[in-house]
Amino acid sequence: MEFSHVSVMVRECLEILQPERGGIYVDCTAGGGGHSYEIAKLLPEGSRLISLDQDDAAIAACTERLKPFGDKCTVVKSNFRNIGAVLDMLGIEKIDGVMWDLGVSSYQLDEPERGFSYMHDAPLDMRMNTSCGITAADVVNGYSKDELRRIISDYGEERFAAFIASNIEKKRAEKPIETTLELANIIASSIPAASRKKEAQHPAKRTFQAIRIEVNGELEVIEPSLEEAISRLNVGGRAAVITFHSGEDRIAKQTFVKMANPCECPRDFPVCVCGKKPSVKILTKKPLAPKDDELAVNPRSRSAKVRGVEKI
């Protein structure tokens, strides 16, 4: 299957990053190279783009897409949690711009055999890096009922998490749950009919999202990656992050606020004595949302939000 992914909120990211200023830029979640391509187009001569992804299909697609830019672009297979190690490997101390497009790509969702979709029957996998890590089957069949309830509730914000976890436990006691449609049917049967009728989305959407986040450890790597990358920014350098999930956005917001307002002194202190100084200026007081023209051509962008900061 050809790697196909519509990059979201490109205009907003470019406005924040301003790659036309030149320097070294990093796309931490390159996917098929959509954002990377647009950044590379604006980079002047002598500038450089580093594009990271952990998915083999994404690496191949991104490499092909960036070929016209030659040595200006370097594609590296790595999770964005390793951005510091990647920069060290490339001999890069400081950068001028960095971005993240968090979550799962359209290609991964639409490729049935990857096991991300509740619309097609496939082995329960959901790994973004298919060469390592636990699978969705490991989570569904190996986690305790309480662990399942927690991740479905916390990561999927599913109000029927307890029922879903309980039914998964009952079904796997009969035999292991092995495919996406098996799991989707169990989830659907766990949600009251009246609630299913009210929902516009598939009843399995939130639970599949939760399991995918757990399989890939998506939330736990965001803050350290943001902190490491922004510590590498030159003064005036900029960072942009696209989120699709409330948990992702919360982490990005809190991390940026902590960097912009690091003082730990009690509020009634007349002056700061802790000595912690702001390292960034927040560029987006409220997260940016996709505009109507983008929503019309890419409905999946509806939940996207963009936040940006500048190093000071």
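Where is the place of valine 271? Some notes on that and on the strands follow.

1. Ground rules: this is a predicted model, where local features need pLDDT of at least 70, side-chain atom pairs count only at pLDDT 80 or more, and totals for chains, interfaces and linings use all residues. Residues are numbered from 1 along each chain as its sequence is written, and side-chain values use heavy atoms, with hydrogens and water left out.

2. Valine 271 sits in the loop between α13 (246-260) and β6 (280-282); helices (H or I, at least four residues) and strands (E, at least two) are DSSP runs, numbered from the N terminus. Valine 271 is exposed, at a relative accessible area of 55%. For the labels, buried means under 20% relative accessible area, exposed over 50%, and partly exposed in between (1.4 Å probe, protein chains only).

3. Together with Phe269 and Val273, Val271 makes a nonpolar surface patch of about 290 Å². Patch residues have over 30% relative accessible area and no salt bridge, with like charges joined within 9 Å and nonpolar side chains (Val, Leu, Ile, Met, Phe, Trp, Tyr) within 5 Å. A salt bridge here is a side-chain nitrogen of Lys or Arg within 4 Å of a carboxyl oxygen of Asp or Glu. Areas come from the Shrake-Rupley method with a 1.4 Å probe; for residues, only the protein chains shown count as cover.

4. Proline 262 is also in the loop between α13 and β6, but this one is buried, with a relative accessible area of 17%. Setting aside neighbours within four places in sequence, proline 262 is in contact (heavy atoms within 4.5 Å) with Lys276, Lys277 and Pro278.

5. Over to β7 (residues 305-311), where six of the seven residues are buried. Strand β5 (residues 233-243) pairs with β7 in the antiparallel sense over six bridges, and β6 pairs with β7, again antiparallel, over three bridges. Pairing takes at least two DSSP bridges between the strands.

6. Strand β2 (residues 48-53) is largely enclosed by the rest of the structure, because five of its six residues are buried. Four bridges join β2 to strand β1 (residues 24-27), and the two run parallel; isoleucine 24 has arginine 48 in β2 as its bridge partner. β2 also pairs with strand β3 (residues 73-77), in the parallel sense over five bridges, with valine 76 in β3 as the bridge partner of leucine 52.
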